[in-house]
Amino acid sequence: MQYLRLMHKTGIKAFSYLYALYEIPAPAIIPFFVDLRVNCSGAQFFYDAGLFKSRRFDLPVIAVGNLEVGGAGKSPMTEYLISLLKNDFKLATLSRGYGRETKGYQTATANATATQVGDEPAQFKRKFPDVTVAVCENRVNGIEQLKNDHELIILDDAYQHRAVKPD
């Protein structure tokens with residue numbers, strides 16, 4: 001029970017729910033808990049210490065997201081922003097492209113599939129064919145590819161990524 005309180009107190013509620021719902025012994029969960037805390041906070045430490053720098057760009061960058069994983073409404077918010085701003089700005093969306101089988105920078109075409117660019121970018125391109133939809137696992141490199149031809153970039157699911165300093 002002390003492990004359960006420790007996990008709950010440190011903000012990793014998912015592990016305490018695993019214990020409560022599935023009766024997984026708390027000591028069995030601790031290695032996953034420690035690994036998650038180290039991986040999530042490791043890079044943040046370097047940004048906080050000033051060893052990693054966040055990059056700001058000369059055009060507006062909007063980062064959509066929050067600290068939730070999945071189902072928090074990030075993609076509908078991105079779609080709303082696209083529909084709101086597409087007539088006033090030459091804009092692009094940039095996503096990581098989760099679930100795609102390609103690597104590096106890719107621009108979605110009208111026929112793009114989820115295996116090429118990820119499911120959400122493919123959906124964005126189908127809904128907004130006149131908007132540039134791109135994917136790149138490195139947000140800074142992706143923005144570098146897009147910045148000369150666009151006035152505004154919307155980063156989908158990027159709130160927790162500190163490599164880019166949004167406006």
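**Helix H4**

I started with helix H4 (residues 74–85), which has 12 residues and reaches 16 Å from its first C-alpha to its last, close to the 16 Å expected at 1.5 Å a residue. The expected span is 1.5 Å times one less than the number of residues. Helices (H or I, at least four residues) and strands (E, at least two) are DSSP runs, numbered from the N terminus.

This is a predicted model: local features need pLDDT of at least 70, side-chain atom pairs count only at pLDDT 80 or more, and totals for chains, interfaces and linings use all residues. Residues are numbered from 1 along each chain as its sequence is written, and side-chain values use heavy atoms, with hydrogens and water left out.

Which residues of H4 are buried? I listed Lys74, Ser75, Thr78, Glu79, Leu81, Ile82 and Leu85. Buried means under 20% relative accessible area (1.4 Å probe, protein chains only). Seen down the axis of H4, these buried residues fall within an arc of 160°, so they line one face of the helix. The arc is taken from the directions from the helix axis to the C-beta atoms. Their cover includes strand E1 (61–63), strand E2 (91–95), helix H6 (119–127) and strand E5 (152–155).

**Strand E4**

Next I checked E4 (residues 132–135). Thr132 and Ala134 point one way, Val133 and Val135 the other way, and all are buried. E2 and E4 run parallel, joined by four bridges. Strands pair if DSSP finds at least two bridges between them. Leu94 stands opposite Ala134. E3 (residues 106–107) runs antiparallel to E4, with two bridges. Here Thr107 stands opposite Ala134.

Conventions
Buried < 20%, exposed > 50% of the residue type's maximum accessible area, 1.4 Å probe, protein only. Contact = heavy atoms within 4.5 Å.
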